[in-house]
Amino acid sequence: MSVGTADITNGSNYGSDIWRLLIVHRTELTYPDTVTTSYNEFRMQPSDEPGQAVLSSRMEIDPFEGVTSYLDYFGTRVASFDVHRAHRHLTVTATSTVETFPATAFGAGGYGAGTAHPDEMTWEQLVSSDCHDRYEEFLTPTHLTELNDELNGLSEQIRAQARNPSAAGREVCSLLKKSLKYEQGATGVHTSAVEAWTEKRGVCQDFSHLAIGMLRAMSIPTRYVSGYLHPDKDAEIGKTVIGQSHAWIEWFDGMWVPYDPTNASSPGHSHVVVGRGRDYRDVPPVKGVYAGPEASGNEVTVRVTRLR
Amino acid sequence: MADLFQDYPFGRAWDEMFSGPGVIRPAYESVHAALQTLSAADLKARADIMGRTFLDQGITFALGGVERPFPLDLIPRIVTAQEWKVVQTGVPQRVRALEAFLADCYGPGRIFEDGVVPRRLVTTSPHFHRQVAGMAHQDGARIVISGVDLIRDEHGAFRVLEDNVRVPSGVSYVLENRQAVSQVLSEAGGDSQIRSVAEYPGRLLAALRAVGPDNVSDPTVVVLTPGVYNSAYFEHTLLAREMGVELVEGRDLICRNNRVFVRTTGGEMPVHVIYRRLDDEFLDPMQFRLDSMLGSPGLINAARAGHLTIANAVGNGIADDKLVYTYVPDIIRYYLSEEPILLNVDTYRMEEPDHLEYALEHLAELVIKPVDGSGGKGIVIGSHADASTLSKARQAILENPRGWIAQREIALSTVPTLIGDKVRPRHVDLRPFAVNDGNSVWVLPGGLTRVALPEGELVVNSSQGGGSKDTWVLAAPESPRTEPDLEQQSSLPAQPEDMEPLVGWQESEAQSTGAFFFDPPVTPDDDGAGLRHQQGQQQQHRRAAATAGSPTALPDGQSFSSTPAGQ
């Protein structure tokens, strides 16, 4: 699931083009009454892969009774644990230090904003490649990414006019940015692409689900990326800011090309990958069950500090 | 007293007792002779005794919510030692190949890279459970228990109808039928050496213990049942009792830090191997259906950590998929470098254009089956279907080619069966049960012979009004008859009275609120105390719909799956 093969170990070649980010992701789940048993899986540790290097990563869990770590089917790191003592709060803090490299530092020639990578496929090449068998999972609509007639029609139009799959990808993201209002809290984690489109508003995962749905409708394998975002592309070193869990996409046209539909731009230094899947449901930051009464609240904060 | 067999009809099907009118196959001679001494009334009386005994012992299955005795015909079905060889070697071959296939599908995917089967065959299966990808510790023992359904075609050759490597059921009837028939038809055995079926529970327990976690020298085995409302509950109790292990429900189990315990009146006991009789989706609400109260959260991760063996392994359903079935001969050649011993039924894949074209042109001659169906549901037998049914089938295929296969109609073999006061041929199939201990695969000499009781009925299925027969596998003349004693330790499940029932599993989900725009830039407050607490996106909870013991979800794999054929 990696996105390139270029050597990224020699950071000095890129000098100050490397960012070092400290990410502190804290989640506090509050239960309405005392819970004696809960089972939990957290996906909030950045992935060590071309494009980014994890210098350190740790999780603090309270109450703590042990944790197991594994890579899931799509390659995302999962921290799994259960708690068997009475608790009304469960707090998990994931602290990671990650170096991110500019887009041009990896991949064959890079895939910076608007520029084609040399292996960029034509529509004909994409159809004739074997990627439709290999990436069936990233071509099939899920409940969260399936489209209605209107969106299918728009996809068809873009497909007819776009020079190649990459151009179609950028066109879709540009259309979404024009058509949808970014609005926090307007949608939830179970909101589907069609619901967000009907509301004409949403958050990053709605933009991503819509882009995924439309690109899959054009038979371009497309996957969901979960990660973090530093909100300032000219981030000041040493200053801690409120960051975010973020979501964007990758489409396949000979290689996996990342793109951020919420911002209609290529991800850069400020994006940190945690994991991937078919849609949000494959990479929820927090997933769990507990025995007890329904409801409660949760508080999530992501603090990001650019260290260099 | 030849009345019983008077006007015994012969059709296209292979008859197991007669090779022609009045010509009895040697294996059936003593049974035939015994029957000749009995009148229809005698037979009827004995059959009634059998039925009452079954009901008294609770040997029933639930159909439409009503407990009924599983109809048992007292005329046995006989398989000679020579014929059995094919089953005894062919079934293990299939199990070994499917073991390798499952390990590959949940591992490196070599067979896809090598272009032997398409990857999407597996990724589009609803039984491909990504939750267990990369879990290799059960390789070689993913299929501990299998029930590969066989039929005999018009030439008497065994063919595989489908593979059942999830939660195959029915072995309890094999054990009970033998006892019942030997009591009421004791004279029919004659000199023939009928191989014993009594060693099954002992073999099963030995295999379950053998596939336990590596670092446990004396593994504890339990049988996990969905509960008393499951149609195969009788079987779950019987197997637990015969093996001398606890019969537990999900609420009796607790997972802590990837280790599993069963709550008993004597405290918590560690559990290392679970012979589960519920479907994947109900096993672990943490990984599958949150609303299931039948399983226990944490089981999958306990297995992932290597502290628990789940038998059969989670995710085996991909091998039961009827489209995967069409590739099994290739799968055998690929992993084992052997030719298949058992034949498949000729099958057409609706995703392949030339197959589809052929099938649509010949619908009225084919059997159309949903790839994911069980219990005979959704099957269309072309030669028996009216125009409107065929047209609906055509449409269903065109809408979802992945969802259907088409097979050549085969006249299943027939065995004489008591119908009223006459003996008449009825179609049968055979489910031999195989037990894999990780090193070798042993096939129980016997198996469940299911009978389609209504005349001309083509779907042999307990849920479609089918019955069963005792299956006699004859020993080769020189081999000794084995009748090992069974240790029978009775062990009743402990009901933890001090345990409060779980209210229901709730979902915790938290997500911070999405993206920032580069334009305009966001300038958050960086004062530590002023850090805004982002309200997570609406956390959504689903209240567990099922309550403990509710009869709403009664999964038990492919219990008694279907056997359609033409005649």
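Modeller: Chain A has 308 residues, of which 62% are buried, where buried stands for under 20% relative accessible area, exposed for over 50% and partly exposed for what falls in between, with a 1.4 Å probe and protein chains only. This is a predicted model, in which local features need pLDDT of at least 70 and side-chain atom pairs count only at pLDDT 80 or more, while totals for chains, interfaces and linings use all residues. Residues are numbered from 1 along each chain as its sequence is written, chains are lettered from A and ligands numbered from 1 in the order in which they are written, and side-chain values use heavy atoms, with hydrogens and water left out.

Of the chain A contacts (heavy atoms within 4.5 Å) between residues at least 6 apart in sequence, 77% join residues at least 24 apart.

The part to examine is the packing of helix H3 (residues 149-161) of chain A on helix H6 (residues 204-217) of chain A, whose axes lie 9 Å apart at an angle of about 60°; axes are lines fitted to C-alpha atoms over the stretch in contact, and angles run from 0 to 180 degrees between N-to-C directions. That angle makes H3(A) oblique to H6(A), oblique being what remains once angles under 35 degrees are called roughly parallel, over 145 roughly antiparallel and 65 to 115 roughly perpendicular. The crossing of H3(A) and H6(A) is right-handed, meaning that the near helix is turned clockwise from the far one by less than a right angle, with anticlockwise giving left-handed. On the side of H3(A), the contact is made by Leu151(A), Asn152(A), Leu154(A), Ser155(A) and Ile158(A), and on the side of H6(A) by Leu210(A), Met214(A) and Ala217(A). By class, this contact of H3(A) with H6(A) has six nonpolar, two polar and no charged residues; Ala, Val, Leu, Ile, Met, Phe, Trp, Tyr, Cys and Pro count as nonpolar, Asp, Glu, Lys and Arg as charged, and the others, Gly among them, as polar.

Ser155(A), which lies in helix H3 of chain A, is buried, with a relative accessible area of 2%. Leaving aside residues up to four places away in sequence, Ser155(A) touches Leu147(A), Met214(A), Ala217(A) and Met218(A).

Tyr200(B), Pro201(B), Leu204(B), Leu205(B) and Leu208(B) of H7(B) make the contact with Leu239(B), Glu242(B) and Met243(B) of H8(B), a contact of H7(B) with H8(B) that has seven nonpolar, no polar and one charged residues.

As for caution, the mean pLDDT of chain A (the predictor's confidence in each residue, from 0 to 100) is 88, and 89% of its residues reach 70 or more. Over residues 1-15 of chain A, however, pLDDT stays under 50, and the model has 30 contacts beyond four places in sequence for this stretch. Residues 104-116 of chain A also have pLDDT below 50, with 31 contacts beyond near neighbours in sequence. Where pLDDT is low, the predicted coordinates should not be read in detail.

Conventions: Helices (H or I, at least four residues) and strands (E, at least two) are DSSP runs, numbered from the N terminus.
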